[in-house]
Amino acid sequence: MSATVLTAVRPIATQEQQAASGPQGRPRLVSVPTGREAGRAARAARAARDARVPMRLTRFGRLVVSLLVASVVALLAVGLAGQLASATGEPRTLTVQPGQTLSGIAARELPGLSRADGVLELQLANGLSSSQVHAGQQLVVPGP
């Protein structure tokens, strides 16, 4: 039977470093696996080393990743442009029906605003000095 001793060369540590690292004992003998155990140990060491190696992309892989990122950015840009186009909608006109009030029209046509803000928007868009409207009157409803 034979034994092999492996010792690592370490720089001399200061007392503070020794106190921080914990108690240090004498060097100990380490048994080195042989036979089947050596093969298993080598495979385990290789697997641990391979797990630490970062993934590398080939030229083709970088091209694919770049194209995927570019297509996602393009789709987002098209979607955002569509949202901006619909948000800047043109004003439309409507005819006041009998029994309708300016506050009722504001609540129905401008749901994103409070009723008072909607009435104010309609008054400003149509040049109205009061909230009185009559049947058959044409009103301009500002875009959303």
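Biologist: What makes M55, L57, V65, V69 and V73 a nonpolar patch on the surface?

Modeller: This is a predicted model. Patch residues need over 30% relative accessible area and no salt bridge, and nonpolar side chains are joined within 5 Å. M55, L57, V65, V69 and V73 form such a patch, with about 480 Å² of accessible area together.

Biologist: Why is V73 called partly exposed?

Modeller: V73 sits in helix α3, residues 59–87. Its relative accessibility is 49%. Buried means under 20% and exposed means over 50%, with partly exposed in between. At 49%, V73 therefore counts as partly exposed.

Biologist: Which residues of helix α4 are buried?

Modeller: In α4, residues 102–109, they are L102, I105, A106 and E109. For each, that means under 20% relative accessible area.

Biologist: How do you know that the buried residues of α4 line one face of the helix?

Modeller: Look down the axis of α4. The buried residues fall within an arc of 100°, so they line one face. An α-helix has 3.6 residues a turn, so residues three or four places apart point the same way.

Biologist: What do the buried residues of α4 pack against?

Modeller: They pack against β1 (92–95), α5 (115–126) and β2 (138–141). Contact here means heavy atoms within 4.5 Å.

Biologist: Where do those elements come in the order of the chain?

Modeller: From the N terminus, the protein chain runs α-α-α-β-α-α-β. The count is five helices and two strands.

Biologist: How much of the protein chain counts as buried?

Modeller: Of its 144 residues, 12% do. The chain exposes about 12100 Å², and carbon and sulfur atoms supply 60% of that.

How values were computed:
Residues are numbered from 1 along each chain as its sequence is written. This is a predicted model: local features need pLDDT of at least 70, side-chain atom pairs count only at pLDDT 80 or more; totals for chains, interfaces and linings use all residues. Side-chain values use heavy atoms; hydrogens and water are left out. Helices (H or I, at least four residues) and strands (E, at least two) are DSSP runs, numbered from the N terminus. Buried means under 20% relative accessible area, exposed over 50%, partly exposed in between (1.4 Å probe, protein chains only). Accessible areas come from the Shrake-Rupley method with a 1.4 Å probe; for residues, only the protein chains shown count as cover. The arc is that of the directions from the helix axis to the C-beta atoms. Patches are made of residues with over 30% relative accessible area and no salt bridge: like charges are joined within 9 Å, nonpolar side chains (Val, Leu, Ile, Met, Phe, Trp, Tyr) within 5 Å. A salt bridge is a side-chain nitrogen of Lys or Arg within 4 Å of a carboxyl oxygen of Asp or Glu.
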